[in-house]
Amino acid sequence: MSLGGDTTTGTAPEQGATSPISAPQTQSDEPSPQVQDVLSSEIGISVMLNRLKQSIASAKEFSNFLKKRSALEDEHANSLKKICRQSQESMARSEHRGGSFATAYEEMMVIHDRMADNGLQFAMSLHQMSEDLQELAAIAEKSRKGWKQNGLSAEHRVVELETAMRKSKAKYDSLAEEYDRARTGDTTGRQGGKVFGLRSHKSGAQHEEDLLRKAQVADQDYQTKVQVAHTERKELLERTRPETVKALQDIVKECDSGLVLQMQKFASFNEKLVLSNGLSISPLKNGSEGRSLRESILSIDNDKDLNDYLASQHAKVPPKASLPQYEHNHLIDASTRAPATTYTQKQSQTPSSAQPPLPQPGMFQQNARTSTFSETVANVQNQGPYGHNYGQSTSSIPILGNPSSQALHERSFSHGSAMGPGPGVASQQQYGQRGSTPQQTQPPPGSRFNGAYNSPSSRDGPPQLGALPFQSPQPQQPQQTNFSQLPSQQTASGPVSNSLQQHPVVPPQAHRNSPPIAPQMAPSRPVFGVSLTRLYERDGLAVPMVVYQCIQAVDLFGLNVEGIYRLSGSVPAVNKLKTLFDTDSSSSNLDFRNPENFFHDVNSVAGLLKQFFRDLPDPLMTREHYSACIDAAKNEDDIVRRDSLHAIINNLPDPNYATLRALTLHLHRVIENSGANRMSSQNLAIVFGPTLMGTAPGSAIADAGWQVRVIDTILQNTFQIFDEDD
């Protein structure tokens with residue numbers, strides 16, 4: 001066969017021509033006598049076959065190594081490029097540094113990208129080398145099978161002929177001995193007086209003649225087999241064995257040369273990879289590749305970057321405010337000259353039956369919650385979540401005590417609230433001078449919101465948070481003109497003393513005539529981790545401001561975001577917003593109508609809202625009603641389950657009810673856009689179930705499914721349990 005010879009002369013020289021490293025000559029072409037003896041012996045073909053098998057196995061093993069190394073290098077290079085791309089995109093955002101740091105970081109990513117390209121080229125080269133070795137091993141294995149069949153078959157044929165020859169010689173020698181004994185009369189070979197092999201009585205001459213004839217036939221057969229074996233062995237020794245051994249030698253050399261060639265290329269490519277990466281990290285000084293990685297890092301100037309950043313913010317610096325100065329109000333002097341009996345006279349003129357009683361904590365309207373609302377207001381643009389209007393200023397967000405908005409958002413199953421009105425009631429009024437009537441508080445002129453408490457949107461717009469039944473209007477006592485006298489002054493005037501004894505209830509504004517106190521910084525007003533009841537009592541808002549702002553942001557910018565409330569936002573952004581709400585919830589940076597205030601990441605706003613509900617000391621659905629909600633969820637009848645949950649919701653504390661209503665109506669708007677955001681009621685229930693329900697003592701893990709069912713039922717029956725805002 002010429003397959004091994006063709007492969008040797010065709011493939012090996014071509015690969016040797018492309019070899020980057022010349023193979024060393026370790027010995028001459030003439031083999032040693034020991035090698036020649038082995039090759040020309042009967043074991044020559046077997047030894048060469050075993051040696052070729054080793055070469056093929058080594059080539060395959062190195063090919064597998066190259067293939068795996070190529071896969072690793074390719075994965076590493078692609079991962080490096082991906083990391084560089086993601087890091088570059090992230091670093092380009094506004095929350096990261098700029099200046100010399102951004103330039104150096106960009107150059108560092110470019111260097112890594114070049115290194116990734118070098119790795120990809122290296123991986124491609126290794127893959128090609130692996131395929132070449134696999135092809136070489138396959139050709140060598142195929143040639144080995146052919147030469148094994150030809151060479152070993154000739155060896156076996158000679159062995160068989162020589163075995164037959166030896167058997168023929170043994171037969172011939174045996175007949176010759178028998179003939180000699182018969183001819184000489186030797187009876188040593190007889191047994192029992194009989195001649196071996198004779199079954200009939202013959203004469204000695206006849207027996208001798210038969211043995212002679214048989215010996216001559218055996219001699220002829222033996223001679224023929226000797227000639228055939230001699231011819232075959234001569235053919236084996238002179239042609240078949242040398243040709244087979246030579247072909248196997250050539251295949252072994254070709255396979256070994258190809259293996260060594262690929263290993264040399266592997267070493268060369270490794271050196272090239274390291275050198276290329278080194279030049280990428282630290283290019284030559286006279287080259288045009290740019291700065292080295294070390295030079296780029298050393299070029300970072302932290303002080304310059306800080307100064308440049310601060311200088312870029314100069315346009316946002318507000319005008320300097322003058323130092324606060326005390327201004328004495330001349331009306332105070334005028335009020336001291338007013339008659340001291342004004343208060344008693346006006347009290348006597350007002351019938352006692354016409355004076356509304358002072359509100360007491362815990363006094364809320366009974367039998368005020370129904371399943372629907374008594375009034376709805378239409379044609380309102382940009383209506384936001386429950387009780388908030390996107391077009392209004394923060395001053396138009398109702399605090400408490402708005403008489404024009406009473407009797408709205410009532411719910412069934414009346415239960416008196418144990419909460420008193422928040423302290424925001426008293427803060428809605430201010431007295432410009434002693435004896436004047438209460439005036440509505442106006443926002444400061446520099447406020448970023450332009451609304452007011454008496455704005456048309458507050459009077460004629462949709463129902464506000466202050467319209468809930470537990471936010472009853474605060475009856476106002478008739479305000480009098482003479483509350484500025486201190487107790488020492490009142491004792492000097494008899495009528496005043498009698499009047500105060502008859503009317504011991506003194507309005508809190510009576511203390512406003514005391515000398516002004518130096519303004520102090522407002523203490524921190526935490527929002528997260530504070531109960532809804534405490535927030536309502538402190539801020540006077542039934543729906544906390546953080547809930548309102550988050551709902552507003554998602555309504556404006558997140559209804560079409562895929563996976564809203566399911567995908568997590570940026571943890572640093574969520575923590576930063578949380579800190580802002582806990583320190584200064586009235587900051588203009590917390591107006592989420594401007595997406596810059598939440599870093600253009602609506603998922604962070606969604607995460608902030610979920611974090612608020614998770615941090616509540618008592619969950620929104622309350623631990624008190626946890627077992628009842630789980631029992632209601634276990635009802636298979638949809639109507640019974642809905643009505644049971646409706647009754648439980650009506651039993652919630654007033655701030656919990658208002659907040660749940662605002663959240664539910666908002667989530668229903670999210671569900672209406674589920675075609676874009678892929679958030680169905682079931683998906684939202686999975687997200688908000690544990691968040692709104694919490695865990696009760698002794699609750700099992702199996703309750704998680706019932707928690708999801710509770711929230712899913714509420715979302716599917718939003719307008720059977722609550723009414724819309726408009």
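Where is the place of leucine 556? Leucine 556 lies in helix 14 (helices are DSSP runs of H or I with at least four residues, numbered from the N terminus). The model is a predicted one, in which local features need pLDDT of at least 70 and side-chain atom pairs count only at pLDDT 80 or more, while totals for chains, interfaces and linings use all residues. Residues are numbered from 1 along each chain as its sequence is written, and side-chain values use heavy atoms, with hydrogens and water left out.

Leucine 556 is partly exposed, its relative accessible area being 39% (buried means under 20%, exposed over 50%, partly exposed in between, with a 1.4 Å probe and protein chains only). Between leucine 556 and phenylalanine 592 there are 9.2 Å in space, C-alpha to C-alpha, and 36 residues in sequence.

Turning to another pair, helix 17 (residues 626-633) and helix 18 (residues 638-650) have axes that come within 9 Å and cross at roughly 165° (axes are lines fitted to C-alpha atoms over the stretch in contact, and angles run from 0 to 180 degrees between N-to-C directions). Helix 17 and helix 18 are therefore roughly antiparallel, the term for angles over 145 degrees.

Technical notes:
Helices (H or I, at least four residues) and strands (E, at least two) are DSSP runs, numbered from the N terminus. Angles under 35 degrees count as roughly parallel, over 145 as roughly antiparallel, 65 to 115 as roughly perpendicular and the rest as oblique.
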